[in-house]
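Subject: Structure for your review

Dear colleague,

Please find below the sequence and structure that I am handing over to you. My findings follow directly after them.

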Amino acid sequence: MPERRLPISTPAAAGPRRHPRRQRRHCRLLVLPAFALALVSLVYLSFSSHPNLPFHDVPCQIEFLPSVDDLVEPGIYNNFTGFSLNYISKENVSSSNGIFEPLFGGHQSLQEREETYYARNQTLHCGFVQGPEDYPNTGFDLDENDKIYMASCRVVVSSCIFGSSDYLRRPTKSKIGPYSKKNVCFVMFLDELTLGTLSSEGTGPDETGFIGLWRIVVVEKLPYKDMRRAGKVPKFLAHRLFPFAMYSIWLDSKLRLNADPMLIVEYFLWRNKAEYAISVHYDRTCVSEEVLQNKRLNKYNHTAIDEQFYFYQSDGLVKFNESGREPVLPSCSYHYLMI
């Protein structure tokens, strides 16, 4: 297949509205897959140093192209397994006592879960599952105009803030070229609480619905009470929210985008003929360490953490062997975070 320019065209973002923000001493480079079955997803942010990392004194140069001028999307790499996916959008499953409870993730059995691991044509659970007509929506409701906008995206950078849990950090506009400003969708998902907080601080969306480059999309009725869990919906289900996007970059709300998205795509995917970029944790190397850290921070109920960890072990997870460690990706002094 011959090389071709990326056929993308989306509305331009609104003009800049600058306001002071606290300076951060460090950021982290973060590359993540949203969902390997459907489309590419990656996240990038550069950071200068981290006091807790033994290798923070050694800089790592990311050799991006100097600009996106004449950037050309490569042809098909011929290393993909072709198959089609459909998603369960509605179900009517009753429990043993005859009571039905619609769930955002649906009622997937363990056997159905196992079958989804095979790369083949199939219909599977992947969020946004609704109950019968007379039942309320299961959550993550979006305005129809936002859905239309998101369906127009071909390359997207997305992030979220729920529960007014963080500051809104705008991409560094001086690092984003005119092409990306015009053709890349920058979408920030907020709940109504966060939107209200921003508006009360005088930093709410303008009349076109933008805060800087961010197109603000308000989510009504979050499917989970835990804000961390609710944040996993746009993080891992970007292929559902942006059904026609070819490339998706997920940005943690604690980080700021400091590079042009198209240069990130070119460096991590096109240049290496990769379908997605994935990474190791910047600090921890074993799931058991992550379990202990989650307990230390009381992120979740400890019993629930143990139950989930035991489930992973029953699936064959073993403790990481430090003596046999080999880097998954050459990451120089930048380590990546995969959740």
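Lysine 273 sits in the loop between helix H7 (261-270) and helix H8 (287-296). This is a predicted model, and in it lysine 273 has a positive phi of about 50°, although the residue is not a glycine. As background, most residues other than glycine have a negative phi. Lysine 273 counts as exposed because its relative accessibility is 57%, and the cut-off for that class is over 50%.

Asparagine 298 also deserves a look. Its phi is near 50°, a positive value in a residue other than glycine. Asparagine 298 belongs to the loop between H8 and H9 and is exposed, with a relative accessible area of 55%.

The chain as a whole

The protein chain has nine helices and eight strands. Of its 339 residues, 43% are buried. The accessible surface of the chain comes to about 18900 Å², and carbon and sulfur atoms account for 51% of that surface. Among contacts between residues at least 6 apart in sequence, 81% join residues at least 24 apart.

The disulfide and other cysteines

How many disulfides does the structure hold? It holds one, formed by cysteine 153 and cysteine 185, with their sulfur atoms 2.1 Å apart. The pair links distant parts of the chain, 32 residues apart: cysteine 153 is in the loop between helix H2 (144-151) and strand S4 (155-161), while cysteine 185 is in strand S5 (residues 185-191). The torsion about their S-S bond is about -100°, so the disulfide is left-handed. Cysteine 153 counts as buried at 0% relative accessibility, and cysteine 185 counts as buried at 0% as well.

Cysteine 126 is buried, with a relative accessible area of 5%, and cysteine 160 counts as buried at 9% relative accessibility.

Strand S7 and its partners

Strand S7 (residues 214-219) is mostly covered, as five of its six residues are buried. S5 and S7 run parallel and are joined by five bridges; in S7, valine 219 is the bridge partner of aspartate 191. Strand S6 (residues 210-211) and S7 run antiparallel, with two bridges between them. Here phenylalanine 210 has arginine 215 in S7 as its bridge partner. The hairpin of S6 and S7 has two residues between the strands, and in it glycine 212 takes a positive phi near 65°.

Salt bridges

In general, side chains of opposite charge can pair when their charged atoms come close. The structure holds eleven salt bridges, and three of them are described here.

- Arginine 215 forms a salt bridge with aspartate 146, the closest N and O atoms being 3.0 Å apart. Arginine 215 lies in strand S7 and aspartate 146 in helix H2, so this pair ties together parts that are 69 residues apart in sequence. Arginine 215 is buried, with a relative accessible area of 13%, and aspartate 146 is buried, with 9%.
- Lysine 295 forms a salt bridge with aspartate 306, with the closest N and O atoms 2.6 Å apart. Lysine 295 is in helix H8 and aspartate 306 in helix H9, so the pair ties together parts that are eleven residues apart in sequence. Lysine 295 is partly exposed, with a relative accessible area of 22%.
- Aspartate 315 and arginine 113 meet through their side chains in a salt bridge (3.0 Å, N to O). This pair links distant parts of the chain, 202 residues apart: aspartate 315 is in the segment after H9, and arginine 113 is in helix H1 (residues 110-115). Aspartate 315 is partly exposed at 42% relative accessible area, whereas arginine 113 is buried at 18%. Arg113, Glu114 and Asp315 are linked in a network of salt bridges.

Lysine 175 is in the loop between S4 and helix H3 (178-183) and counts as partly exposed at 48% relative accessibility. Not counting residues up to four places away in sequence, lysine 175 touches Asn258, Ala259 and Asp260. Lysine 175 and proline 261 are 86 residues apart in sequence and 9.5 Å apart in space, C-alpha to C-alpha.

Val287, Tyr312 and Leu317 form a nonpolar patch on the surface, with about 220 Å² of accessible area together.

Yours sincerely

Definitions and conventions: Residues are numbered from 1 along each chain as its sequence is written. This is a predicted model: local features need pLDDT of at least 70, side-chain atom pairs count only at pLDDT 80 or more; totals for chains, interfaces and linings use all residues. Side-chain values use heavy atoms; hydrogens and water are left out. Patches are made of residues with over 30% relative accessible area and no salt bridge: like charges are joined within 9 Å, nonpolar side chains (Val, Leu, Ile, Met, Phe, Trp, Tyr) within 5 Å. Accessible areas come from the Shrake-Rupley method with a 1.4 Å probe; for residues, only the protein chains shown count as cover. A salt bridge is a side-chain nitrogen of Lys or Arg within 4 Å of a carboxyl oxygen of Asp or Glu. A disulfide is a pair of cysteine sulfur atoms within 2.5 Å. Helices (H or I, at least four residues) and strands (E, at least two) are DSSP runs, numbered from the N terminus. Buried means under 20% relative accessible area, exposed over 50%, partly exposed in between (1.4 Å probe, protein chains only). Two strands pair if DSSP finds at least two bridges between them. Contact means heavy atoms within 4.5 Å.
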